[in-house]
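Please look through the structure below before reading my notes. They are arranged as numbered points.

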Amino acid sequence: MPGETIRADKRTSSQIRPISSVLSSLNRADGSASFSFGNSSVLCSVYGPQEVKIKDELLDRATIDVNITPQIGIGSTTEKNMERIVREAFSDVIISSLHPRTSISITVQITQDDGSIISTIINAVSLALIDAGIPLHSTLLSVTCAILNGEIILDPTNEEMKDASSIHVFAFSNTSNDIVSSESTGVFTEEEYFKCSDICKLAVSSVLKFVHTAIERKLQKEQKN
Amino acid sequence: MAEVSNKDSFVLDANTFAKLHPKEFYRKFLTNNIRPDGRLLKKFRKTSINLNSIKSAEGSCVLKMGKTSVVCGIKAEVAEPRVDDPRKGYIVPNVELSPICSSLFKPGPPGELAQSISERIDKLFKQCKIIDLDKLCISEKNAVWVLYVDVICISYDGNIFDAALFSIISALKNLKLPEVTFIEEEGKVEASEEKTISLELLSTPLSATYVVFDKKYILADPNEEEENLSSTSLTFIYNEQHKLCGISKLGGIPLSKELIQDCTESAIERTDNLRQLLDSTMKNL
């Protein structure tokens, strides 16, 4: 669009980084996927429904277990917080009542972090769950945006997130127009929040198109073999 | 006769019904716009604070919010600053949820909830400029203050984030640091016994939390049972200028813009009330 500022990596403010994904890349997992927004990429594996530890057992639904490992070292409070966000976001997306007294275990390895990492994780988990054939109510996808110098920029990199006045992570499902999960930090107004939500919703629909093609291609490949 | 008594024994009393069908029990109340504990849907629990009750800490606050109670203590220590930020002190927030407060928590390393709340509060400090970290500098490159902000929950009945954040802000507002001088020749910091300085807060963000029950009822300030029954929660953090310092919506039920906007007014009112409570408690000290 004319008049829009060009960012350090030559994107416009409403442009997300190139998306890529590989499905079923892990041999032993029930389902796996890697997903990346430019230089941010994660690898996710899903096991389940499988045996559950007695202390975690739920009588009416499956226990969802999320583990996130950072690039370097062991997980800190940052990863624990992300685990909580991801688990709670998927708690109502996975039809867990179909598999009571089992566990669905989601393991995420961050392979490269260049901003918008929570969104990258949510998208990878969604793809891995589909790949594992876990029953889902809908497809949950996420995009991050940030407000930098009063302008809303989509899919910020680490560099941009550092200077941003606020950062907003939104997750939308393909079956509803409403916000499924959101996490905003920094100082902002209500108006800005809803503006960001609208912009992210648009971006999520383009991610959804990508996900559809990715799955279609994988199925076509499988049929050929 | 036997038949009649049999019939009687099948009538559930309210407590048994609440245990067996907790969701149905709540629905019966919520359709009448009231909650089982007598509160209206958007009503917060009675909150009270007690300041500076821990004499060994530099600042402290005991907070009660219904049956949730937390203690916040701030310990100040002198440390060397980071090399990349030689003029900045630092703040280390930590929230502890031990088996003391509820059977939900097990002994051992902090669980996910405790870690997640500590992380959220840490992020808030980093992104919303609550304290000017330069003011925590004693001597550039040599000594700065480190504030260990510890929140310990002693009774858990839901909504721990609101309780933790309000107790931290209250304790910080009452923080009294000893006046110190850095003696360069000895590389030591000397504290004066009498003189203390307080820290100015640049902003006072406070939070209000809601849960969504059955996709349509919004309950403010949930207790433990309400938290368990609803999978979606909404937290708003407002500063004194009524600007947002954070929104987090956890959980998978989609919420429309209208439902979210519905909460913001009550959240502003709640955070303003808390601020007034803090001011009036400080005046009466």
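1. Basis. This is a predicted model, in which local features need pLDDT of at least 70 and side-chain atom pairs count only at pLDDT 80 or more, while totals for chains, interfaces and linings use all residues. Residues are numbered from 1 along each chain as its sequence is written, chains are lettered from A in the order in which they are written, and side-chain values use heavy atoms, with hydrogens and water left out.

2. Extent of the interface. Chain B and chain A bury about 2,900 Å² between them, with 53% of it on carbon and sulfur atoms. Buried area here is the accessible area (1.4 Å probe) that two parts lose on being put together, summed over both. Chain B puts 31 residues into the contact and chain A puts in 30; contact means heavy atoms within 4.5 Å.

3. Bonds across the interface. Two salt bridges are counted between the chains, a salt bridge being a side-chain nitrogen of Lys or Arg within 4 Å of a carboxyl oxygen of Asp or Glu. Arg120(B) and Glu183(A) form a salt bridge through their side chains, at 3.4 Å from N to O.

4. The chain B side. On the side of chain B that touches chain A, at least two residues each come from α4 (112-128), β11 (232-238), β12 (244-250) and α7. The most come from α4(B), with nine residues. Helices (H or I, at least four residues) and strands (E, at least two) are DSSP runs, numbered from the N terminus.

5. A helix pair. In chain B, helix α5 (residues 160-173) packs on helix α7 (residues 257-283) at an angle of about 35°, the axes being 11 Å apart. Axes are lines fitted to C-alpha atoms, for helices over the stretch in contact, and angles run from 0 to 180 degrees between N-to-C directions.

6. A pair within one helix. Glu88(A) and Arg84(A) form a salt bridge, with their closest N and O atoms 3.9 Å apart. Because they are four residues apart in helix α1 (residues 77-91) of chain A, about one helical turn separates Glu88(A) and Arg84(A).

7. Backbone details. The peptide bond from Gly48(A) to Pro49(A) is cis, with omega near -10°, and Pro49(A) is in strand β3 (residues 40-50) of chain A. Asn149(A), a residue other than glycine, has a positive phi, near 50°.
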